[in-house]
Amino acid sequence: MKKFIKGVIKVNDTIGKIEKMFAITLMIALVAACMIFITCRYVLRISVPWADESARYVLIAMGWVGASYCTYHDDHLRIQALSSLLKSKVKHAPRILTGVEAFTQACMCGFMVFFLINFWNYLNNAVKALNPMSSALHIPLWWPMYPIVVAAVMMILHSFLKVFIQIGKLTGAVEIEPPVEG
């Protein structure tokens, strides 16, 4: 069991590193696009709508990749009141919180599967069927929506793997960290 959980942690960490590199690449692309459209608009006094539109699409992709990366790091919003309350009143608070964390990761995984199925149906039935084109870049509008699909898949993977990691903590295969102070 320990070897399996360590493998799960390694896979989760590898996915996190890939997301980090992808986010850095998106940030560089965003800065470049913004520099182009700001320089052209305010210095050269010419309109460059493709740079503005590409910056918008990169920003949306970066938000979704960032959400997936936050899922990897457990940096999403979390209520610390339960941790503080349990720590002062219950002897086995870390174990209870680990069980709660496993449950919340399973719920997150389920919600993201639900979201992905519905978004995929929307993408295929509405967006691809109508095949609208972007006004400045002249690309199909479903292209900029694919990073949402990729990030949702990554969030599902992280949540699924985190459930196994939490189970590993409950079974003793991985050490349980003390609750974080809020």
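The crossing of α1 and α5 is left-handed. Before I go on, note that this is a predicted model.

Stay with that pair for a moment. Helix α5 covers residues 146–171, and its axis lies 9 Å from that of α1, at an angle of about 150°. Angles over 145 degrees count as roughly antiparallel, so α1 is roughly antiparallel to α5.

Now the other partner of α1 that I want to show. How do the axes of α1 and α2 cross? Helix α1 runs over residues 2–42, and its axis comes within 8 Å of the α2 axis, with a crossing of roughly 155°. These two helices are therefore roughly antiparallel to each other as well. The handedness of the α1 crossing with α2 is left-handed. As for what makes up the contact between α1 and α2, the residues divide into 20 nonpolar, 4 polar and 5 charged.

Next, charged pairs. Side chains of opposite charge can pair when their charged atoms come close. How many salt bridges does a search of the whole structure find? The count is 1. The partners are Asp-52 and Arg-56, with 3.4 Å from N to O. For reference, the cut-off is 4 Å. Both residues belong to helix α2, which spans residues 49–73. Asp-52 and Arg-56 are 4 residues apart there, about one turn of the helix.

Last, the cysteines. A disulfide is a covalent bond between the sulfur atoms of two cysteines. The count of disulfides here is 0. The rule asks for sulfur atoms within 2.5 Å.

Cys-107 is partly exposed, at 40% relative accessibility, whereas Cys-109 is buried, with a relative accessible area of 12%. The cut-off for buried is under 20%, so Cys-109 falls in that class.

To recap: α1 is roughly antiparallel to α2 and roughly antiparallel to α5, Asp-52 and Arg-56 form a salt bridge, and the disulfide count is 0.

Methods. Residues numbered from 1 in each chain as written. Predicted model: local features only at pLDDT ≥ 70, side-chain atom pairs only at ≥ 80, totals over all residues. Heavy atoms only, no water. Salt bridge = Lys/Arg side-chain N within 4 Å of Asp/Glu carboxyl O. Buried < 20%, exposed > 50% of the residue type's maximum accessible area, 1.4 Å probe, protein only. Axes fitted to C-alpha atoms, helices over the stretch in contact; angles between N-to-C directions. Parallel < 35°, antiparallel > 145°, perpendicular 65-115°, else oblique. Left-handed = near helix turned anticlockwise from the far one by under 90°. Nonpolar A, V, L, I, M, F, W, Y, C, P; charged D, E, K, R; others polar.
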